[in-house]
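Let's learn to read a structure by asking about it, one feature at a time.

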Amino acid sequence: MALKLYYHPLASFCWKPLIALYENAVRFEPILVDLGDETSRAAFLAVWPIGKFPVLRDEAADRTVPESTIIVEYLAHRHPGPVPLLPDDPDEALQVRLADRFLDRYVHEPMQKIVGDRLRPVGKRDPFGVEHARAEIETAYGVLEGWLADRAWAGGAAFSLADCAAAPALFYADKVSPLGGHGRLAAYLDRLKERPSFARVLAEAEPYFHMVPQEPAEG
């Protein structure tokens, strides 16, 4: 098959291109990467030596496309479908890209900081860094709550790249820093979960949810 996606169903940044692919029913070959398996890891590193997924391989075009946002933009341009993930209007496209970067930088990345800290051994954890990450997420929640006052989706009136970014970021962030009193944001996350593309991603990830590190017990 011309398109191959190197990914893992549990990896949050992999959800972004998966949602985009499912939104437009783009045919692709999913290649699950197990970095703990020497053969799987070596095969993936041969495609992308950096060793971070997701990575899209377009065999027909002989292109290797890393980074979740770039993959979605590549799909929007090279494999478009009925759902335009990037608006044609430059100003609207800029708004979508801003929302995408905002969600990645101020929700997704600090969420990963908190989850990653749970994997550290006792005595090596970073409580100050976790506190800072939680504060960053809460600030971002406030900004997003304001944005959603006059828009249905993260980037504007239509589902877009920004919502592909929002779905994994908010789903996991809600587990470590609950949305609480952010009513619009909580309702938006519910709408995302009801979207068939994201519902499919969640269903495929569910068998792996037990692998998500839980908050360490006190004491």
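**Reading the helices and loops**

Author: At the start of α4, the backbone nitrogen of D91 has a side-chain oxygen of D89 within 3.0 Å. A polar contact is a pair of N or O atoms within 3.5 Å; within protein, one must be able to donate a hydrogen and the other to accept it, and residues adjacent in sequence count only if both atoms are side-chain atoms. By the way, this is a predicted model: local features need pLDDT of at least 70, side-chain atom pairs count only at pLDDT 80 or more, and totals for chains, interfaces and linings use all residues. Residues are numbered from 1 along each chain as its sequence is written, and side-chain values use heavy atoms, with hydrogens and water left out.

Reader: What span does helix α4 reach from its first C-alpha to its last?

Author: Helices (H or I, at least four residues) and strands (E, at least two) are DSSP runs, numbered from the N terminus. The expected span is 1.5 Å times one less than the number of residues. Helix α4 (residues 90-118) has 29 residues and reaches 41 Å, close to the 42 Å expected.

Reader: Where is the kink in α4 centred?

Author: A bend is the angle between axes fitted to the seven residues ending at a residue and the seven starting there. In α4 the kink is about 30°, centred on D104.

Reader: At roughly what angle do the axes of α1 and α4 cross?

Author: Axes are lines fitted to C-alpha atoms, for helices over the stretch in contact, and angles run from 0 to 180 degrees between N-to-C directions. Those of α1 and α4 cross at roughly 145° and come within 11 Å. Contact means heavy atoms within 4.5 Å; here S12, F13 and K16 of α1 meet D100, D104, H108, M111 and Q112 of α4.

Reader: Which peptide bond is cis?

Author: The one from F53 to P54, with omega near 10°. P54 sits in the loop between α2 (38-47) and β3 (55-58).
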